[in-house]
Amino acid sequence: MEEKRLRIAVQRSGRLSESSVAILRKCGIEFGNGLGKLRSSARNFPVEILFLRDDDIPQYVEDGVADAGIVGKNVVFEKGCEVEVTQGLGFGRCRLSLAAPKQFTYSGVSDLEGLRIATSYPNVLSEFLGRHGVSADLHTISGSVEVAPSIGLADVVCDLVSSGSTLFTNGLREIETVLESEALLIHRRLIGPAKQEILDKLCFRIRAGIEAEKNKYVLLNAPNDKLERIVTLLPGMRSPSVLPLAESGWSSVHSVIGGNDFWQVVENLKAEGAEGILVLSIDQMVL
Ligand code: ATP
Ligand code: ZN
């Protein structure tokens, strides 16, 4: 009998932990926070959350200890495990980059030929160098990669970067991006129909949450003679809703707009005569 609960592995403590828990909670899944715990069963959805070291998650998913997991693309690619990528989750963004001491002159990947490169990502880096026909001397170290040049261990490093401040304080400069990363939802290859159904439900909810974050709900009032121009500024999911106000000659317009440029849209709406503009966050958006 196939077990009817989906086991999802998330990072126990680290950069992805909080957002992983948050995205599952946003799907309406209620469970304990896992502090000091290895596992937690959801009260209202057929999932069990396993709190593990992120580096181990791809292997656990391949082996079927977990059915799914949330882990950085960088780790998934490095481990090379036989798992499926369900979808990108839009958080934990960073890049795996090559960085060199500030005085290093760099004009392209071929400049790395024969150099010593320290990294925690030998597989991703080898694949990248191979693709560029370059061979280098890789030193695999598990942490504090950024200090390798200053202690004479390597000429160049290949490490995760988000703001670049760690590189900067170590006198290093980013010279090349090897991999753009974000947190991924992954799942095991042969998952079985019952668990697949739970995974599909979960993905449906995750997508509704991600989509909602990209958009805003806008309400405004406008005099009827300005409506035509205003409606062209608001594409909406289909087209905006226009409802008459109690005051004659005025309407209320409701629509959804992309979150990134909403200030620009709001300024344009105001310029076209919209009044009482409200911009609201959307919780879930099912397309
Ligand atoms: P440990 O395995 O010992 O808990 P870790 O370095 O693997 O440590 P974190 O530092 O918590 O764990 O990073 C987890 C993931 O967060 C990384 O694999 C990566 O996908 C993502 N991440 C996002 N931004 C960064 C960043 N600036 N530096 C490192 N990782 C980042
Ligand atoms: Zn880790």
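1. The site of the zinc ion (ligand 2) is irregular in this predicted model, because the angles among its four donor atoms run from 73 to 152°, whereas a tetrahedral assignment would need all angles to lie between 85 and 135 degrees. The coordinating residues are Asp54 and Asp55, each through OD, at 1.9 to 2.0 Å.

2. The structure holds 15 salt bridges. One of them joins the side chains of arginine 39 and glutamate 48 at 3.2 Å, N to O; here glutamate 48 is buried, at 5% relative accessibility, whereas arginine 39 is partly exposed at 46%.

3. Arginine 95 and glutamate 174 form a further salt bridge, in which the closest N and O atoms are 2.7 Å apart. This pair links distant parts of the chain, 79 residues apart, with arginine 95 in strand β6 (residues 94–101) and glutamate 174 in strand β10 (residues 172–181). Both partners are partly exposed, arginine 95 at 22% and glutamate 174 at 27%.

4. A network of salt bridges links Arg7, Asp67, Arg188 and Lys195.

5. As to the overall division, the chain comprises domain 1 (6–91 + 182–191), domain 2 (94–181) and domain 3 (215–281), and the C-alpha centres of domain 1 and domain 3 are 40 Å apart.

Technical notes. Residues numbered from 1 in each chain as written. Chains lettered and ligands numbered in written order. Predicted model: local features only at pLDDT ≥ 70, side-chain atom pairs only at ≥ 80, totals over all residues. Heavy atoms only, no water. Donors = N, O, S within 2.8 Å, 3.2 Å for Na, K, Ca; no water. Tetrahedral: all angles 85-135°; square planar, octahedral: opposite > 155°, others 65-115°. Domains from an automatic or database assignment. Salt bridge = Lys/Arg side-chain N within 4 Å of Asp/Glu carboxyl O. Buried < 20%, exposed > 50% of the residue type's maximum accessible area, 1.4 Å probe, protein only. Helix = DSSP H or I, 4+ residues; strand = E, 2+ residues; numbered from the N terminus.
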